[in-house]
Amino acid sequence: MANSIHINNPLEGNKHDSSPTTIKFGENKLEENKRREWLKYKKPHVYNKVIQFNDKLARGEGVPIIQFQYNYECNFKCEHCSIEKFQMTRKEEKESGRRYFNMDDVRELSKQADEMGISTFVITGGEPLIFRDFDELVEAIDPNKFWIVSDTNGWNLDDERAKHLKEIGVDKIQLSLDGVDATTHDQFRRQAGSWERVMRAIEACKKNDLHVILSTVVWKSRAQSEEFLQYLELAKKLGVGTYVSYAKPVGAYEGRYDQMVTAEDEAYLKELEKKYDVFTHLTPSYGMDIGCIAVKRILPITRYGDVMPCPYIHVSLGNFFEESLKEIIDRGLNLNWFNPKVKMPCVCGVDRSFIDQVVVPSYGDVQVPVHYTEIFSAEDYVNPEKEKTLGLGCNTGGCSCGSNTKSGNSNNKDQIIETIETKDGVIPITWAPPEDTRYKHKLEGEPEYIKDQSKPLKLWDAPSNIKDREGKLHYQRKGNAKANQNAGHIINSAE
């Protein structure tokens, strides 16, 4: 995907900039090679990781981006919030006794991730730009070792802040915008004035040569709407790319299958990629066309150390405070649903079969994430003998159970190199595993459990949705300057 923002010196003013080399993005469409050259000169350590992506996937390894949910503090209460179940007040957190990341833990996570060849951290929450220790967090991750991205709703991102973020080593901003105008965006985000703040944030990033893209949620009724086309035209006019996330039936959208995109919607969005600078998690990048990216290309880690397959799959594959990052990732990649040698659809976004087995157990009044041992059984593993909790007696390293043999399909070097047509031209696909044939993917309708009256299930009703129906969240109180400035209540503050 081309970055349509003109960046003359992307890291100029950044203390981590090790080269005066000028690389200008946006001059032509097909720029992946240019991006790699930029990394080669600006962040050679990260570049050396990126060039190994295809080989690692071919060996059955992952190349995940760490989506670090460092803190769940937030100044918004968005309609589609997927992490509201994770939020606790400070009092509740203390009473729970749950361990959470301190800076020494972050440095250890950075160390282990670097040793595994992971290239990118995305700082998220919550709302990262209200974290009191955000600067210290970036330093602990270490901009010299990783490409660092920060999510934000843009409320606190002005010119001064954008300049500062670049100075401390933030490489990219992923800015939430969920409507073409203030009416649609502010209602969805439940915060008057938020659309105008996003426009200000875009201008601030561009002024300070801080790479910025938009992030937006698409649900069934929006996917092929005129509003979404107008949105993409707005993004084009603003000179920013757009990352599209499918609405998932989790969090505040628990059980909302009526809003899940369909195969037809996916095909339509794929066609839009030929015209606009828009992409989804399924869009090929770095020569990889791997389908669902859970575990193999994205790895959320919660404030409490739980490692999940995807931000919307609220299942813990293990806890960083109890096991090494490598052990947990290996477990995830050993599950058939996340096997890097097969190509899956977006399982939690379109696949009702997956939702039945994996997502539904996180519904209702349960603590999330749900532990993987409550979800997966031996038949779900590529090599069950490798999973120690199954008690099958494997001693990794030298046993004869087959845990060290190659699984799945043949190495990609034996496959024909495919291409994909995009608005950037024809791009070669150097790693494209075959389609999954193990599961029967149900991509339309409702999950089976809805039809099973013997399994009644109470869905969780997000507190923000309850308050919204009572009319308490859409607008700020008039005449309260402090409330207007702070954009409402901050979860996990001092309650």
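Arg222 lies over the face of Tyr231, 4.9 Å from the ring centre; a charge sits over a ring if NZ of Lys or CZ of Arg is within 6 Å of the ring centre and within 35 degrees of the ring normal. This is a predicted model, in which local features need pLDDT of at least 70, side-chain atom pairs count only at pLDDT 80 or more, and totals for chains, interfaces and linings use all residues. Residues are numbered from 1 along each chain as its sequence is written, and side-chain values use heavy atoms, leaving out hydrogens and water.

**Charge over a ring**
- The charged end of Arg99 sits over the ring of Phe321, 4.1 Å from its centre.

**Aromatic rings**
- The whole structure holds 18 aromatic pairs; rings of Phe, Tyr and Trp (its six-membered ring) pair if their centres lie within 6.5 Å, and planes under 30 degrees apart count as stacked, over 60 as edge-to-face and the rest as tilted.
- Phe338 and Phe376 form an edge-to-face pair, with 6.5 Å centre to centre and 85° between the planes.
- Phe338 is buried, at 0% relative accessibility, and Phe376 is buried at 5% (buried means under 20% relative accessible area, exposed over 50%, partly exposed in between, with a 1.4 Å probe and protein chains only).
- One aromatic cluster includes Phe68, Tyr70, Phe101 and Phe321.

**Nonpolar core**
- In the largest nonpolar core, of 95 residues, Phe68, Ile313, Leu325 and Phe376 touch the most other members; such a core is a set of buried Ala, Val, Leu, Ile, Met, Phe, Trp, Tyr and Cys residues joined through side-chain atoms within 4.5 Å.
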